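Dear colleague,

I am passing on to you the structure that follows, together with its sequence. Please look through it first, and then read the notes below alongside it.

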Amino acid sequence: MMIVVQNNIPVKEEYREEFEKRFMDRAHMVDKAPGFVRNEVLRPVKGDYYIVLTYWNSMKDFTNWTRSDSFMKAHANPPSKEIFSGENYLTVHEVFSTTEKVEEQH
């Protein structure tokens, strides 16, 4: 069953540009991981939390990624703690239902 890992990252207003640049310039190592489906980074419109969503074919695929050398390399150069307004936290969800917009036929 597909899972979605949600990383909730609180970033101070004055560091948002730097935070976003780091994401745009990342090495994309996760993109090559077995079982990886996609990554979405959501910018807060209200509040301080950026949401990073990674979609995986299975929990095993995600766990394998977190234990890999590529994971360690991808997280080897963390940003300074001063850019955060608090602690980040992870949540993991199973996808049990999906809907998409259906175009009306005339």
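The notes below go from the chain as a whole to its sheet, its helices and its pockets.

Please keep in mind that this is a predicted model, in which local features need pLDDT of at least 70 and side-chain atom pairs count only at pLDDT 80 or more, whereas totals for chains, interfaces and linings use all residues. Residues are numbered from 1 along each chain as its sequence is written, and side-chain values use heavy atoms, with hydrogens and water left out.

The chain has three helices and four strands, where helices (H or I, at least four residues) and strands (E, at least two) are DSSP runs numbered from the N terminus. Read from the N terminus on, the elements follow the order β-α-β-β-α-α-β. Along the principal axes, the C-alpha atoms fill a box of roughly 50 × 35 × 25 Å. Of the 106 residues in the chain, 28% are buried, a term that stands for under 20% relative accessible area, with exposed meaning over 50% and partly exposed in between (1.4 Å probe, protein chains only). Among contacts between residues at least 6 apart in sequence, 71% join residues at least 24 apart, contact being heavy atoms within 4.5 Å.

The four strands form an open sheet in the order β2-β3-β1-β4, with antiparallel pairing; two strands count as paired if DSSP finds at least two bridges between them. β2 and β4 (89-94) stand at the edges, each with a single partner strand, so one side of each is left without a neighbour in the sheet. On average, and with direction ignored, neighbouring strands of this sheet are turned by 15 degrees against each other; the axes behind such angles are lines fitted to C-alpha atoms, for helices over the stretch in contact, and angles run from 0 to 180 degrees between N-to-C directions.

Taking the pairs in turn, β1 and β3 are joined in the antiparallel sense over eight bridges, and N8 stands opposite I51 in β3. Between β1 and β4, which run antiparallel, there are six bridges, and the bridge partner of V4 in β4 is H93. β2 and β3 are likewise antiparallel and are joined by six bridges, with F36 opposite W56 in β3. The hairpin of β2 and β3 has six residues between the strands, and there G47 takes a positive phi near 95 degrees. As for burial, β1 is mostly covered, since seven of its eight residues are buried.

Turning to the helices, α1 lies across β1, β2 and β3 and runs at about 15 degrees to β3. In α2, the residues D61, F62, T63 and W65 are buried, and the buried residues of this helix pack against β1, β3 and α3.

The segment after β4 contains E103, which is exposed, with a relative accessible area of 58%. The C-alpha atoms of E103 and A33 are separated by 34 Å, the two residues being 70 apart along the chain.

The pockets come last. They were found on a 1 Å grid over the protein atoms alone, where a cavity is a set of points at which a 1.4 Å probe fits but cannot get out, a pocket is an open set with protein on both sides within 12 Å along at least five of seven lines, and lining residues have an atom within 4 Å of a point. The largest pocket has a volume of about 1200 Å³, a volume being the space filled by probe spheres set on the points, with grid points joined across faces, edges and corners. Its lining comprises 35 residues, of which N7, I9, F23, A74 and H75 lie nearest its centre. The elements that give two or more residues to this lining are β1 (3-10), α1 (16-24), β3 (49-56), α2 (59-66) and α3 (69-74).

The second largest pocket holds about 160 Å³ of space. The residues lining this second pocket include F19, F23, M24, R26, V41 and Y50, and α1 and β2 (36-42) are the elements that give two or more residues to its lining.

With kind regards
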